[in-house]
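Please look over the sequence and the structure shown below before reading on. The briefing that follows takes up the helices, the core, the strands and the salt bridges in turn.

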Amino acid sequence: MSTSQIAFLKGHGTENDFVIVPDPDNALDLPVSLVARLCDRRAGIGGDGLLHVVRSAAHPDAESMAEQAEWFMDYRNSDGSVAEMCGNGVRVFARYLQRAGLAAEGDLAVATRGGVKRVHIAKDGDVTVSMGSAVLPDDGVTVTVDGRSWAARNVNMGNPHAVAFVEDLDHAGNLYSVPPFSPQSVYPDGVNIEFVADRGPRHVAMRVHERGSGETRSCGTGACAVAVAAARRDGVDPALTGAPATYTVDLPGGTLVITEHPDGGIDMTGPAVIVAEGVIDAAWLETMIG
């Protein structure tokens, strides 16, 4: 990696916040340790994750998608680990492309490790992401916090989720560490765990522990998983009814609207905001890679 200054931006989607590093030609080496330090809220810039902005053709994980999507969201968790997808991250990624003049209001495609995602940037500022379809494996887990246990629904949105319905969101505990679950063999690579409470008809609230990040203010794929799990709990399956099912999902950082269509496709709509931009100090960077 060059020790010259690296440009960055900071953005969030319903307060799920990200460090954004533009790198069209994939010229930067971003080791785990550097990503983790950049996301550190005391010693770095701070964020729930890092959005590495790369042309799909320039990245080995995305070059096969280059004909479908010019840009690849190389997403990293705040601990530096690689993740398949981040729904809020895709919305912020799209907002960055618009700000940089690389995308316009309307439709665009974004490559992710979870596949190509279709995005719509609306005039009112909200961004809708077509999140693909949910997979509902039969095997679930039991989640236990402070002596209370709940059966959690297994929902995969390109990344794994365990959705537990609770009476009170405080029952989730502090979510600093991974809530214990069993059997662990269901999620050998870890899991995002959502705790969900009802707020009204097709309206729920949630808290989430994201693997590699701890509790976050919002999780887009988690909100989708929650909406699907809530719909099935409520006896609603758009594939059977032939009608879309829309759920409002309140998160600590804001509200997302999730719609599941009869063909299985799921749309997520919510805000995306860029709050700052600057450069990473070269001297500090030298200490990180030296």
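**Helix α2 and its surroundings**

Helix α2 is followed by Gly101, whose phi is positive, near 75°; helices (H or I, at least four residues) and strands (E, at least two) are DSSP runs, numbered from the N terminus. This is a predicted model, in which local features need pLDDT of at least 70 and side-chain atom pairs count only at pLDDT 80 or more, while totals for chains, interfaces and linings use all residues. Residues are numbered from 1 along each chain as its sequence is written, and side-chain values use heavy atoms, with hydrogens and water left out.

- Helix α2 covers residues 87-99, and its 13 residues reach 19 Å from the first C-alpha to the last, close to the 18 Å expected at 1.5 Å a residue, where the expected span is 1.5 Å times one less than the number of residues.
- Because 11 of its 13 residues are buried, α2 is largely enclosed by the rest of the structure; buried means under 20% relative accessible area, exposed over 50%, and partly exposed in between, with a 1.4 Å probe and protein chains only.
- Among the buried residues of α2 are Gly89, Val90, Phe93 and Tyr96.

**Nonpolar cores**

- The largest nonpolar core has 53 residues, of which Met73 and Ile258 touch the most other members; such a core is a set of buried Ala, Val, Leu, Ile, Met, Phe, Trp, Tyr and Cys residues joined through side-chain atoms within 4.5 Å.
- Helix α3 (residues 220-233) gives the most to this core, with nine residues.
- Apart from this core lies another, of 19 residues, among them Ala164, Val186, Val191 and Phe195.
- Leaving aside neighbours within four places in sequence, Met73 is in contact with residues including Leu51, Met85, Val90, Phe93 and Val110, contact meaning heavy atoms within 4.5 Å.

**Thr221 in helix α3**

- Thr221 lies in helix α3 and is buried, with a relative accessible area of 1%.
- The side chain of Thr221 makes a polar contact with the side chain of Asn159 at 3.2 Å; a polar contact is a pair of N or O atoms within 3.5 Å, where, within protein, one must be able to donate a hydrogen and the other to accept it, and residues adjacent in sequence count only if both atoms are side-chain atoms.
- Although Thr221 and Met131 are 90 residues apart in sequence, they are 7.7 Å apart in space, C-alpha to C-alpha.

- Strands β8 (residues 141-145) and β9 (residues 148-156) run antiparallel and are joined by five bridges, and two strands pair if DSSP finds at least two bridges between them.
- The hairpin of β8 and β9 has two residues between the strands, and Asp146 there takes a positive phi near 50°.
- Five bridges also join β9 to the antiparallel strand β10 (residues 160-165), and in the three-residue turn of that hairpin Gly158 has a positive phi of about 95°.

**Salt bridges**

- The count comes to 15 salt bridges, each being a side-chain nitrogen of Lys or Arg within 4 Å of a carboxyl oxygen of Asp or Glu.
- Arg217 and Glu15 meet in one of them, at 2.8 Å from N to O.
- Arg217 lies in the loop between β14 (214-215) and α3 and Glu15 in the loop between β1 (6-13) and β2 (16-22), so this pair ties together parts that are 202 residues apart in sequence.
- Glu215 forms a salt bridge with Arg207, the closest N and O atoms being 2.8 Å apart; Glu215 is partly exposed at 28%, whereas Arg207 is buried at 14%.
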